[in-house]
Amino acid sequence: MAAATIVHDTSEAVELCAACGLYLKPITKMTISVALPQLKQPGKSISNWEVMERLKGMVQTHQFSTLRISKSTMDFIRFEGEVENKSLVKSFLACLDGKTIKLSGFSDILKVRAAEYKIDFPTRHDWDSFFRDAKDMNETLPGERPDTIHLEGLPCKWFAVKDSGSEKPSEEVLIKVFKKFGDIRNVDIPMLDPYREEMTGRNFHTFSFGGHLNFEAYVQYCEYAGFIKAMNALRGMKLMYKGDDGKAVACNVKVSFDSTKHLSDASIKKRQLERQKLQELEKQREEQKRREKEAEEKQKEAERKQKELEELERERKREEKLRKREQKQKDREVRRNRKKLEKMQAEEQKKLQEKIRLEERRLLLAQRNLQSIRLIAELLSRAKVTFKSCHFFYFKTLSLAAPYVRGVLICIIL
């Protein structure tokens, strides 16, 4: 659908639902065709932009609200123009239709044809003939007769609940807007059903060129009169939204009668059954995911425990290794201390033995000295009698005695 456009003049707007800020505004489009001459000089071309500017200049004091190229060929350029009010369409057509354009650098003139835009909207004959000729329709049953309107390109934000913080359309708001034409039996917004895309294979989330999310909807009236009023009111109209600030925007909405039995009891029941199947399937999938998740969590728990056991085993081995290393260090220290102690004991023993040996030598020397003294004393005692006569003998003996007992002998002699 076309993008929403700003509306400057809302004088022709018709109220649809003032509480929701929704109005209907007449479509004020026209089709303009400009016939192009045969280009005789190679490499020379006609500027579409220049032609568009000439068209804008032909409408004198008025202005197009939008003017765009819908098709361009070697023979013609087709434009789609839109004005603010329906009353301006005739004056624009009078300024454009049958007129000519003279472009600079071209001798041929360009003929302009303008006509009011032909709206693609079903007529009463279309739906009456369709339901009359359709063999699979039962006009006594809801949904199989002309009672359901199919709308496409409705902006989601315009049909959302105010101050809800959501831009999703609401079935309550849709009913509130379209109950103006009669009692509503049923409505359906496919995009609100999370299972609808899977059921139909269609994508119900569509974007317009303006970036606004649009949706489609089905509105079923209880009576044929309500359907007729709604179709007549929507014919040749576009939807306009006026905000609290007074600014208004409008967009084109495609309107048609439902020919697919979308809101028939059989179709609704079929969708409910399919929805139940999908819900059961979704439950099974969720259950399967839950079991898989539990199995995955159990596996992760088992792996975690295994890792903890492995970590504990590694820690035990590490502690055992440290313990063995400490024990080896202790054993080496004990051996080192033992060797040191043995060495010290050996040194002490050696010193003790050396001391004993020295003491024994001293004792031996002392014994020898004592024996020498006793021998000398004995000799002296024997020679004392004859000391005077043998004085020379004593002195000679004294000189021959050991030096360390000489003093003793001298003392004895004296």
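This is a predicted model: local features need pLDDT of at least 70, side-chain atom pairs count only at pLDDT 80 or more; totals for chains, interfaces and linings use all residues.
Student: How many salt bridges does the count come to here?
Tutor: The count comes to 28 salt bridges. The general idea is that side chains of opposite charge can pair when their charged atoms come close.

Student: Which side chain meets Lys238 in a salt bridge?
Tutor: The partner of Lys238 is Glu82, and the N to O distance is 2.2 Å. This pair links distant parts of the chain, 156 residues apart. Lys238 belongs to strand β13 (residues 237–242), and Glu82 belongs to strand β6 (residues 76–82).

Student: Are Lys238 and Glu82 buried or exposed?
Tutor: Both Lys238 and Glu82 are buried.

Student: What about Arg185, which side chain does it meet in a salt bridge?
Tutor: Arg185 meets Asp265, with 3.0 Å from N to O. Here too the pair links distant parts of the chain, 80 residues apart. Arg185 sits in strand β10 (residues 184–188), while Asp265 is in helix α7.

Student: And why does Arg185 count as partly exposed?
Tutor: Arg185 counts as partly exposed because its relative accessibility is 35%, between the limits of 20% and 50%. Asp265 is also partly exposed, with a relative accessible area of 43%.

Student: Where is Cys222 relative to Arg185 in space?
Tutor: The C-alpha atoms of Arg185 and Cys222 are 5.0 Å apart in space, although the two residues are 37 residues apart in sequence.

Student: Let us move to α7. Which residue forms a salt bridge with Lys300?
Tutor: Lys300 forms a salt bridge with Glu296, and their closest N and O atoms are 3.5 Å apart. Lys300 and Glu296 are separated by about one helical turn because they are four residues apart in helix α7. Glu296 is partly exposed, with a relative accessible area of 41%.

Student: Which residues are linked with Asp188 in a network of salt bridges?
Tutor: Asp188 is linked with Asp193, Arg196 and Arg275 in that network.

Student: What is the nearest side chain of opposite charge to Arg271?
Tutor: The nearest side chain of opposite charge to Arg271 is that of Asp188, 4.6 Å away. Arg271 has no salt bridge, since that distance is not within the 4 Å that a salt bridge needs. Arg271 is found in helix α7 and is buried.

Student: Which backbone oxygen lies 2.6 Å from a polar atom of the Arg271 side chain?
Tutor: That oxygen belongs to His262.

Student: Changing topic, which residues form the positive surface patch?
Tutor: The positive surface patch is formed by Lys321, Lys324, Arg325, Lys328, Arg332, Arg335, Arg338 and Lys339. Lys321 is placed in helix α7, which covers residues 265–383.

Student: Why is Lys321 called exposed?
Tutor: Lys321 is exposed because its relative accessible area is 53%, and exposed requires over 50%.

Student: Now the backbone. What is the phi of Lys261?
Tutor: Lys261 has a positive phi of about 60 degrees, although Lys261 is not a glycine. Lys261 lies in the loop between β15 (254–257) and α7.

Student: Why does Lys261 count as buried?
Tutor: Lys261 counts as buried because its relative accessibility is 19%, which is under 20%.

Student: Which residue with a positive phi follows α6?
Tutor: Gly236 follows α6, and its phi is positive, near 70 degrees.

Student: And which residues of helix α6 are buried?
Tutor: In helix α6 (residues 224–234), the buried residues include Gly226, Phe227, Ile228, Ala230, Met231 and Leu234.

Student: How many residues apart in sequence are Lys176 and Leu16?
Tutor: Lys176 and Leu16 are 160 residues apart in sequence, and their C-alpha atoms are 9.9 Å apart in space. Lys176 lies in helix α4 (residues 171–178) and is partly exposed, with a relative accessible area of 41%.

Student: What separates the C-alpha atoms of Thr123 and Phe257?
Tutor: The C-alpha atoms of Thr123 and Phe257 are separated by 9.6 Å, and the two residues are 134 residues apart along the chain. Thr123 lies in the loop between β8 (109–116) and α3 (124–133). Thr123 is partly exposed, at 35% relative accessible area.

Definitions and conventions
Residues are numbered from 1 along each chain as its sequence is written. Side-chain values use heavy atoms; hydrogens and water are left out. Patches are made of residues with over 30% relative accessible area and no salt bridge: like charges are joined within 9 Å, nonpolar side chains (Val, Leu, Ile, Met, Phe, Trp, Tyr) within 5 Å. Accessible areas come from the Shrake-Rupley method with a 1.4 Å probe; for residues, only the protein chains shown count as cover. Lys and Arg count as positive and Asp and Glu as negative; His and the chain ends are not counted. The place of a charge is taken as NZ of Lys, CZ of Arg, CG of Asp or CD of Glu. Helices (H or I, at least four residues) and strands (E, at least two) are DSSP runs, numbered from the N terminus. Buried means under 20% relative accessible area, exposed over 50%, partly exposed in between (1.4 Å probe, protein chains only). A polar contact is a pair of N or O atoms within 3.5 Å; within protein, one must be able to donate a hydrogen and the other to accept it, and residues adjacent in sequence count only if both atoms are side-chain atoms.
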